[in-house]
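This report covers a two-chain model. Read it with the structure open.

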Amino acid sequence: MDALLLVEQGLNGLQLGVMLFLMAAGLTLVFGIMDLINLAHGTFYMVGAYLTAALVPVLDSFPLALAAAVLLTALLGLVVEAVALRTLYRRDHLDQVLATFGLILFFNELVKIVFGPVPIFLNPPAALAGTVDLFGLKYPAFRLAILAVGLAVAVFLWLLIARTRVGMLIRAGATNREMVMALGVDVRLLFGLVFALGCGLAGLAGAMAGPVLAVQVGMGEQILILTFVVIVIGGIGSIRGALAGALLVGMVDTLGRALLPAAFRLVMDAANASAAGAALASMAIYVLMAVVLAIKPKGLFPAH
Amino acid sequence: MTRNLLTLASALALLATPAAADTLKIGMITTLSGPGAGLGIDIRDGFALAVEHAGGKLGGQDTQVIEADDQQKPDVAVGLANRMVERDRVQVVTGVVWSNLALAMLPTLAGGQTFFISPNAGPSQLAGAQCNPYFFNAAYQNDQIHEAVGKHVQDEGFKKVYLMAPNYPAGKDGLAGFKRYYKGAVAGEVYTQVGQLDYAAELAQLKAAAPDAVYVFYPGGMGINFIKQYEQAGLKGAVPLFGPGFSFDQDILSAVGESALGVKNSAQWSPDLDNAANKTFVADFKAKYGRIPSMYAAQGYDTALLIDTAVKAVGGNLKDKDKLRAALASAKLQSLRGEVAFNTNHYPIHNIYLREVVKGADGAVTNKTVATVFTNHADAYVKDCPMK
C-alpha cells in the first residue's frame with residue numbers, strides 16, 4: 001500500500017469521524033446536561049436529510065435548503081422537547097428509552113406516510129459533485145465539504161461553550177445540574193435550547209450525509225448505534241470527548257476496513273481473507289470501546 | 001354447569017377451526033421497517049395487486065393475507081414463522097426478502113408442514129443439498145442473475161474485474177455466480193458489512209487496484225450509498241460499472257437519479273417486457289401506488305400467481321399437502337415474464353435478460369431490456385438436490 005493511498009484512507013477516516021461528531025455532540029450534550037437518554041436523536045438526523053431533499057428542488061439551492069432544514073429540525077426539536085420529553089426528566093432512564101423509542105416509530109411512520117416507503121433522491125450540488133485534486137490525490141469534493149463543515153461546527157461549539165454565558169451554563173449543567181438549578185437558572189429554557197441545538201446538529205449531519213448516503217426511513221438508527229459508541233468512548237456529556245471519540249471511531253473503522261483484509265491476505269487466500277477481514281473490521285470499533293472502557297470506565301474525557 | 005357449557009363451547013370451537021381452513025390463509029412475513037423496507041413493501045404491494053386482480057380469491061378461495069414485519073432480523077423472522085404456524089395456522093408463508101432470513105425460517109415452517117414460497121431470496125443451499133419439499137421459489141436462484149452479467153462481461157472482453165458484495169449468503173452466491181461465467185482475472189474480491197453506509201475505504205482500494213470493470217451486488221440502501229459514492233469518487237465513466245438487477249432496480253434508481261445511467265444489469269423481469277399481463281401490471285401498479293414497480297413488486301405478483309395456479313389445480317383442497325405440493329411443482333406459471341416452469345428443486349427455469357438504465361420518455365430513470373442472455377436457464381445446484 002503506497003503513501004498516497006494511506007493519506008486518502010486517513011482523510012476518509014477523518015471525514016467519517018467528523019460526520020459522527022456532528023451526531024455525537026448533540027447526543028452527548030443532551031445526555032450530559034439533561035440526563036435524558038434520547039434514542040430518537042437519529043430521528044432528527046433523518047428529518048434533516050428528508051427536509052434537505054425536499055427543499056432543494058423548491059429553493060433551487062443546496063446551501064439554502066441545508067440552512068432551512070437545520071433550522072426546521074431545531075424547531076421540531078423544541079416542539080418535541082416541550083410536548084413529549086419535558087415530563088420525562090424526573091422519570092428513570094428506562095422510561096425515557098421507551099418513550100424516545102416510541103418517538104422513533106412515530107416519526108419513521110410519519111416520514112413513510114409523507115415521503116413514501118422508497119428512498120428519495122438527493123445529490124450533492126453541482127459545484128461539489130466532482131473530485132478535487134489534492135497533490136495528485138483525487139478526492140471527492142463533497143467529502144471535503146463535510147470535513148470543513150464538521151471542523152467549523154467543532155470550532156463554533158468550542159467558542160459557544162468556552163466563551164459565552166450560555167456555554168458557561170451548559171458546562172455548569174453538565175458538571176453539576178442540581179447546583180445550577182439551585183442558583184436560580186431557568187433550567188427549562190436551558191434544556192430547551194440545548195435540546196434544539198442537539199437536534200439542529202443532528203439535522204445538519206443528516207443534511208450533509210444525504211448526498212452521500214441513501215435518504216430513507218430508518219437511516220437514523222443505523223448511525224445512532226455508532227453515535228452511542230462514540231459518546232461512551234469519549235465520556236458522556238463532554239464535547240471534547242465526543243470529538244476525540246468520533247475521530248477515533250472514524251479512523252479505526254475506516255483503517256480497519258482498509259488494512260485488515262490486506263493483512264489477512266498475507267496468511268490466507270483472497271476470498272477468505274476478505275470475509276475474515278470484513279468480519280473483524282466490523283468488530284473493530286466495539287473492541288476499541290471495550291479496551292477504552294477497561295482502562296477508563298468513564299470514557300476518555302469524562303464531564304463529571 | 002356453566003363450566004361444562006364452556007368446555008363444550010370450546011370443544012365446538014376447536015372442531016370449527018378445520019372448517020375455516022377452506023379460506024386460503026397466507027402469512028406475509030417481509031421487511032416493512034428499517035433500511036430494507038423498500039424491498040419488502042414492494043413485494044407486499046405487488047402481491048396485494050395480484051390478489052385484487054383475482055377478485056380477492058386466489059385459486060377461487062377466499063384469501064386472507066396476514067402481514068408481519070421481520071425487521072430484516074433472522075430471530076424476529078423465526079418468531080413470526082412460529083406464530084404463523086402455531087397461531088394463525090396459515091397454509092402458505094411468503095414475503096421473505098433476505099437469504100439469511102429464508103435459511104433461518106425454513107426449519108420452523110417445514111417442521112410445521114407449511115409451504116414457504118420465496119418471492120425473492122433464492123439461496124444456493126436451498127437449491128442444492130438442503131432443498132426442501134416445503135420450500136418453493138417463484139423468483140430466481142440467487143446465482144442466476146449474477147451469471148447473466150458474468151457472461152455479458154466475459155463476452156464484452158473485460159479482463160480484470162473488481163468484485164464487491166455484502167458479507168452474507170446471497171453475497172457469496174452472487175460473486176460465485178458471476179465467476180461461473182466470467183473467466184478473466186479478478187482484480188479484487190471484497191466483502192463488506194451488511195448495511196454498510198460508507199464505502200470510502202473500499203473505493204480508495206478499488207481505485208488503487210486499477211480494474212477495467214467493476215461488478216457490485218448491493219441491494220436496497222447499500223446500492224444507493226455505493227452508487228452515489230462511486231460517482232462522487234470520480235469513478236463513474238472512468239471504470240464501467242456492472243451489477244445484478246438488485247443493485248440497479250427501481251427502488252434504487254429513483255433515489256440516485258442519473259448517477260446510474262447507462263449501467264448494464266440483469267434480471268428475470270423488466271418493466272418493459274412485452275406481454276399483455278406485464279403491461280396491465282405496470283399500468284395498474286403505477287395507478288394504484290403512484291410509482292414504477294420494481295422487480296420485487298413483480299416477484300410479489302408472480303408469487304401470488306403461482307399460489308393461484310396451484311390452488312386452482314387442486315380444486316381448492318388445501319388439506320392434502322402432497323397434492324398441493326405436486327400442483328406447485330408442476331405449475332406452468334403464466335407469469336409477468338412469460339411461462340415459467342419449476343425444476344426438481346422447486347426453483348424456476350426461466351429467461352434472464354440484460355437491461356440498461358435509461359431515461360424514459362417521461363423523464364423517469366428506469367430499466368430497458370437490451371438482450372436475452374439466457375433462455376430457459378436452470379440453476380447450477382439442482383444436481384445436488386435429492387428431490388427428484
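The model is predicted.

**Chain B overall**

Chain B holds 13 helices and 15 strands. Its radius of gyration is 21 Å, close to the 21 Å that the globule rule gives for 388 residues, so chain B is as compact as a globular protein of that length. Along the principal axes, its C-alpha atoms fill a box of roughly 85 × 40 × 40 Å. Of the 388 residues in chain B, 57% are buried.

**Two domains in chain B**

Chain B divides into domain 1 (24–141 + 274–349) and domain 2 (143–269 + 354–377). Their centres, taken over C-alpha atoms, are separated by 26 Å. Domain 1 of chain B puts 21 residues into the contact, and domain 2 of chain B puts in 22 residues. On the domain 1 side, helix 2 (37–53), helix 4 (99–111) and helix 12 (295–313) of chain B each supply at least two residues. By class, that side of domain 1 of chain B has twelve nonpolar, seven polar and two charged residues.

**Strands and sheets in chain B**

Six strands of chain B form an open sheet in the order 2-3-1-4-5-6, with mixed pairing. Which strands stand at the edges? Strand 2 (57–58) and strand 6 (135–137) of chain B do; each has a single partner strand, so one side of each is left without a neighbour in the sheet.

| Strand pair (chain B) | Sense | Bridges | A residue pair |
|---|---|---|---|
| Strand 5 (115–118) and strand 6 | parallel | three | I117(B) and F136(B) |
| Strand 7 (160–166) and strand 8 (185–192) | parallel | seven | M164(B) and V190(B) |
| Strand 9 (213–216) and strand 10 | parallel | two | V214(B) and L241(B) |

Strand 7 of chain B is mostly covered. Six of its seven residues are buried. Strand 10 (residues 241–244) of chain B is covered on both faces. L241(B) and G243(B) are buried on one side, and F242(B) and P244(B) are buried on the other. In a regular strand, side chains alternate between the two faces of the sheet.

**A helix residue in chain B**

K321(B) lies in helix 13 (residues 321–329) of chain B. Is K321(B) buried or partly exposed? K321(B) counts as partly exposed, because it has 14 C-beta neighbours inside 10 Å. A residue needs 20 or more to be buried, and 12 or fewer to be exposed. The C-alpha atoms of K321(B) and N132(B) are separated by 14 Å, although the two residues are 189 residues apart along the chain.

**Chain A**

For chain A, the UniProt record (unreviewed entry) gives "transmembrane region" for several stretches, including residues 97–122 and 189–217. Residues 97–122 of chain A are 73% helix and 0% strand, with end C-alpha atoms 31 Å apart. Residues 189–217 of chain A are 72% helix and 0% strand, and their end C-alpha atoms are 31 Å apart.

**Where the chains meet**

How many residues of chain A are in contact with chain B? There are 42 from chain A, in contact with 35 residues of chain B. Several elements of chain A each supply at least two residues to the side that touches chain B, among them helix 1 (3–34), strand 2 (137–140), helix 5 (141–163) and helix 10 (239–265). Helix 11 of chain A gives the largest share, seven residues. The residues on this side of chain A divide into 25 nonpolar, 13 polar and four charged.

How values were computed: Residues are numbered from 1 along each chain as its sequence is written. Chains are lettered from A and ligands numbered from 1 in the order in which they are written. This is a predicted model: local features need pLDDT of at least 70, side-chain atom pairs count only at pLDDT 80 or more; totals for chains, interfaces and linings use all residues. Helices (H or I, at least four residues) and strands (E, at least two) are DSSP runs, numbered from the N terminus. The radius of gyration is taken over C-alpha atoms; the globule rule is 2.2 Å times the number of residues to the power 0.38. UniProt positions are given in the numbering used here, feature names are shortened, and annotations may be inferred rather than shown by experiment. Domain bounds come from an automatic or database domain assignment. Two residues are in contact if their C-beta atoms, placed from the backbone, lie within 7 Å. Ala, Val, Leu, Ile, Met, Phe, Trp, Tyr, Cys and Pro count as nonpolar, Asp, Glu, Lys and Arg as charged, and the others, Gly among them, as polar. Two strands pair if DSSP finds at least two bridges between them.
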